[in-house]
Amino acid sequence: MVNSVLLHEVGEYPKAVQETLRLLRREKIEQPVIFVGAGTCGIAAGSNQTISAINEYLNENNIHAAVIEVGCIGLCSAEPIVDVQIPGKNRIAFGNITAGKVNNLLDAVFNNTLPDEGALYQYPGPNLVLWEAVPLQSEVPFFKNQKRVVLEQCGIIDPDNIEEYIARGGYRSFVKAIRNYTSLDICNLIDESGLKGRGGGGFPTGQKWKITYNTPSDQKYLICNADESDPGTFMDRALIEGDPHRLIEGMGIAAYAVGANQAYVYIRAEYPETMSTLEKAISQARDYGLIGANILDSGFSFYLNIRIGAGAFVCGEETALINSIEGKRGTPQPKPPHPAVKGLFGKPTVVNNVETLANVPAIVCNGPAWFNAMGTENSKGTKVFAVTGKARYTGLIEVAMGTTLKTIVYDIVGGIKDYKRFKAIQIGGPSGACLDESCLSICVDYEALRNEGAMMGSGGLVVMDETTCMVDVAKFFMNFLQNESCGKCIPCREGTRRMLEILESITRKPVDDAKHETLERFKGVMMLEELAEVIRDTSLCGLGQTAPNPVLSTLKYFREEYEEHIFDRKCRAGVCKGLRTYVIDTDRCTGCTICFRKCPVNAIIGTQRNPHFIVQDKCIGCGICYDFCKFNAINSK
Amino acid sequence: MIFNIEVNNKEIKARKGETILEALERNGITVPTLCHMEGFSPTGACRICVVEVEGKNALIPACSYPVEEWMKIKTHSPRVIKARRTIVEMLLSNHPDDCLYCERNGNCELQYLAIGLNVRERRFAGKKTVHKKDLSSPGMVRNPSKCILCGRCVRVCEEKMIVSAIDFIRRGSRMVIGTKANHGFNNQSCISCGQCIMVCPTGALYERSRLADLQDALHNPDKKVVVHVSPTISVSLAEEFGLRPGKDLNGLISSALRKIGFDRVFDTTFAVDLYVLEMATELSRRIADGIPGPMISACCPAWVQFVETFHPELIPRLTTTRSPQQLMGALIKNLGPGLLNVDATEIFNVSVMPCTAKKYESQREEMTVNGLIHTDVVLTTRELASLIKLHGIDIQNIETELDDPPFNIRSSAGKLAGASGGIAESLARTLHFILAGDEMFDLKISELRQGNSRKEVYLTMGSHQIGIAAVSGISEAVKLMDEIRAGRKDLHFVEVMTCPGGCVNGGGQHIGASDRDIRARLKSLYDYDDKEPVRVAHKNASVHDLFRNHLDYPVSDKALAMLHTTFKRSNATE
């Protein structure tokens, strides 16, 4: 069927084909279909058990229905999400369907009613009946303010079925590109669209492609960087798990545009689910003749292979990634020469992020003007973010460039969980910046973020509430970066280590002030900014150059918290254990001796039935006494 | 293409394609470097050479960034100097503060940097990484605590020696340069060439010193301590005393050694003549027997170990003649008792070599006689210098002395052994005499003196057309071996020296010598050949005496028993 669909215009299909396509798009179904969110986030929430429960229910009740595992729709905090579509009615989504809730849910839906918990939303379909009192997906606040281009089909289509993708217009751009355009046309088209690299650097994609296109060589390579390792980011994973063919199509177009016929997806070994989904998709595309020699008689050959990264953060840096694919130690190389000129095995190589490549089919399909119309003056299109932390809804969102952080935090993800106060938002991964409330009016834009000392990064957004200590946050990210530094260049290797030590020293329990250590500590703090500056100025790769960002940005926006830690020896969020002091309220203490017995350092003295006392010099602030006291007699300061 | 760039508000000329550092150096502007090595791929690891380039946000490493026409560079702006100093301070914050006890005290690039950047205060305190020393190798010691991870040793080992005995392991602040599975130098593929020592900026790599053992022997009245000095030492020791590079200290060294208390002072160059004569005879027999393929020299123990480890199929091609050091060892331990009127166990044989691999060679199982080790202690050039200093001898103000018979006479050809191509040249002269029956018309073979890592020459010797090649650096040797494996048949003899340029640049020589210093050493060696009357190994009277009195004739059964050795496959890489 593929040839007839891909090689003809939409209107030209015979009726039988059109009917098949409608079935594939599920505009018409013959038996009920149950979709289960079974991406990595779904599995973590228990979707495997949910699926077994569904199958059991169907067997018991002798109902014939298709069960389809789909990727992540983005609302990860509501996983496992189960969508049900019964013939004639709209597809409807239900959240948090753990195995125990399956029977109730399916009982209700197959009887054309809703379960007590209600539904999340429904998808409108042509000629299908609406569920009453259930909002459309586009009306739900989480989706209303989003602009889904890359994620358009994520969580909706079956990622393991290439025909579904083709039925929804997939691979049409690829075929159009290799049949109707020259390589240079595509480079120009992407350049005009204003697409910039979504991996963090923000280099114009079209220009990068043109450099490789214009570099003469017998062999060129395309690499898709799916080595997503920032803590709290999962855009690439969700995208590949939800809609792998979009990536393959984008890579096909990119390879054609730069003149590469060998492409690699560099994916981290920690993504086994993602890898198997992608492998399946690649083999399907191969079976359909969309990967291989002389694709659809166009004369263009395209081979795609997966390369597995052993799990180093720095291998997300393109030169380190290339070293890793070559089988060398994953350390960055000095640039120039840029990979676009001299990359993998010394040949011109384009390295693009998953999201960048996933944007390409839509741009080729809808034209550069369509893409250009979205976003701000120097940032076009949309951006996918992985929102984690203390937000009410966490998950994957896609917004048009120019959307303010406020919209994201308060409208899309529903503000802060548990009615706490907003404190900070961390954007751009571990080497991004922590912004405070005053920065929420900033919009998602490469320039605007850079002006605030932040960066777009690959798209991690961590929402923090008042129970977060910003010094602790800086320490966490510094620790991460220090562990993940490849160790090649001195500023990053030694500098991040010293910065981490300084942060540790100000969050540690202060020792006797008379000792030399106090002086060293103050000296260290004075050095923080200077160290940060040199690391940023001199490091070899982007990881090192941005490594001081967590410290610099928290120092900029939350300086008073640092000062409290240093001068008042106090952590306002109560996170830094070393700075906590515990005092026993003598009126409440009954002398039960439980704290006396539990204290790991024997810092509590007292006798039975008499109030106890904590020796502050010995106390390490672990809080065990606080946790064990049954009479609330221990106060934390 | 030549264009102007602006550096420190002045225009300088730059060539397209060169790095900023090259342009600056040509124009006399010095920028400190650490990880940079000429002739090796830039890694941009140390960031010491950063400069400020207008229009660039970050500082730019001069060693790896190509010059471009628009560039306006500041090499010593306050921002640059602060960055460089902070980087050095960061290194120092993780460096053991034991300069006074350090092998490299006074000749340390980290010290030079700290002095040059005026580091006067410890601003960064913190934990220091402590590692165990690797004392497993007889030739070299590795002290990773002092390593600043510039990676120069790794690159030499990989790019020049293609051994890759050491590489980076782990990452971040836990990164360390280590050996395979952390088994120690001696238990894996290291060939002890010592080139890593030569490029190490700090005291993280140095030779395994045997001075203490030597001192014990010198003060032991029951021991007769004899010493023989490699042909290269006389032209390379001077630099250790701050004298002009290449200055010849022949005779002075002998005098100094006697003052130190050695009972006999011999010249290893005698053994080089013996080596060449024995090997030339061996080769002439191979040629007569029609054995195909070239014979390969085996005087370089690092090369021998490389062959045994990586290319055991080449073992039958190696000459079985022992290296000069071990020839001396065999002679001293076999004939010494008669010469010195003592028991063989009482002879303590010391050799002074420009080499760390010789320390390894002396410990090989084959290099013993009746359970006695042939060469008890091997000293490097550096150790000899500290021994002389230790004994308070002013090398410039002593009289020259002659070596002791019977191993004192040498030809100038033997002296050439210090240069890559020298053994080949000497062998060519003797082989010509054997094959053609007369001396070569012009003894100087310029083809074996010019060029870098590979030298080749074709000579007519009687009815034979003989092809001779000399290579230095294992990478070049392997290239040549690949050619031979691919069917090249025109070569009869290949001389391989592991160290680039030969023993004058050996792993035991003065650290910090420039290319020009090495050339000065070479010139001194070649000067011998121009000045002296005996220029061929086969006219060495002492060698003739040796054969007449003890060994009958070259490659006789007696000679085979005493002067030849065996090789065996090593399983170090398995």
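This is a dialogue on how to read a few features of a predicted model.

Biologist: Before we look at any single feature, what kind of model is this?

Modeller: It is a predicted model, and we can begin with the place where its two chains A and B touch.

Biologist: How many residues does the contact take from chain A, and how many from chain B?

Modeller: Counting residues as in contact when their C-beta atoms lie within 7 Å, the contact takes 28 residues from chain A and 29 residues from chain B. On the side of chain A, helix 19 (470–484), helix 20 (490–507) and helix 21 (516–538) each supply at least two residues, and helix 20 of chain A gives the most, with eight residues. By class, that side of chain A has 10 nonpolar, seven polar and 11 charged residues.

Biologist: How should I read the packing of helices, and at what angle do helix 9 and helix 18 of chain B pack?

Modeller: In general, two packed helices are described by the angle between their axes and the distance between the axes. Here helix 9 (residues 268–289) and helix 18 (residues 541–551) of chain B pack at an angle of about 65 degrees, with their axes 9 Å apart, and the crossing of these two helices is right-handed. From helix 9 of chain B come B:Phe270, B:Asp273, B:Leu274 and B:Leu277, which meet B:Ser542, B:Val543 and B:Leu546 in helix 18 of chain B; by class, this contact has five nonpolar, one polar and one charged residues.

Biologist: Which domains does the assignment give for chain B?

Modeller: The domain assignment gives domain 1 (2–76), domain 2 (140–211) and domain 3 (212–563). The centres of domain 2 and domain 3 of chain B, taken over C-alpha atoms, are separated by 27 Å, while 19 residues of domain 2 are in contact with 32 residues of domain 3.

Technical notes:
Residues are numbered from 1 along each chain as its sequence is written. Chains are lettered from A and ligands numbered from 1 in the order in which they are written. This is a predicted model: local features need pLDDT of at least 70, side-chain atom pairs count only at pLDDT 80 or more; totals for chains, interfaces and linings use all residues. Helices (H or I, at least four residues) and strands (E, at least two) are DSSP runs, numbered from the N terminus. Ala, Val, Leu, Ile, Met, Phe, Trp, Tyr, Cys and Pro count as nonpolar, Asp, Glu, Lys and Arg as charged, and the others, Gly among them, as polar. Axes are lines fitted to C-alpha atoms, for helices over the stretch in contact, and angles run from 0 to 180 degrees between N-to-C directions. A crossing is left-handed if the near helix is turned anticlockwise from the far one by less than a right angle, and right-handed if clockwise. Domain bounds come from an automatic or database domain assignment.
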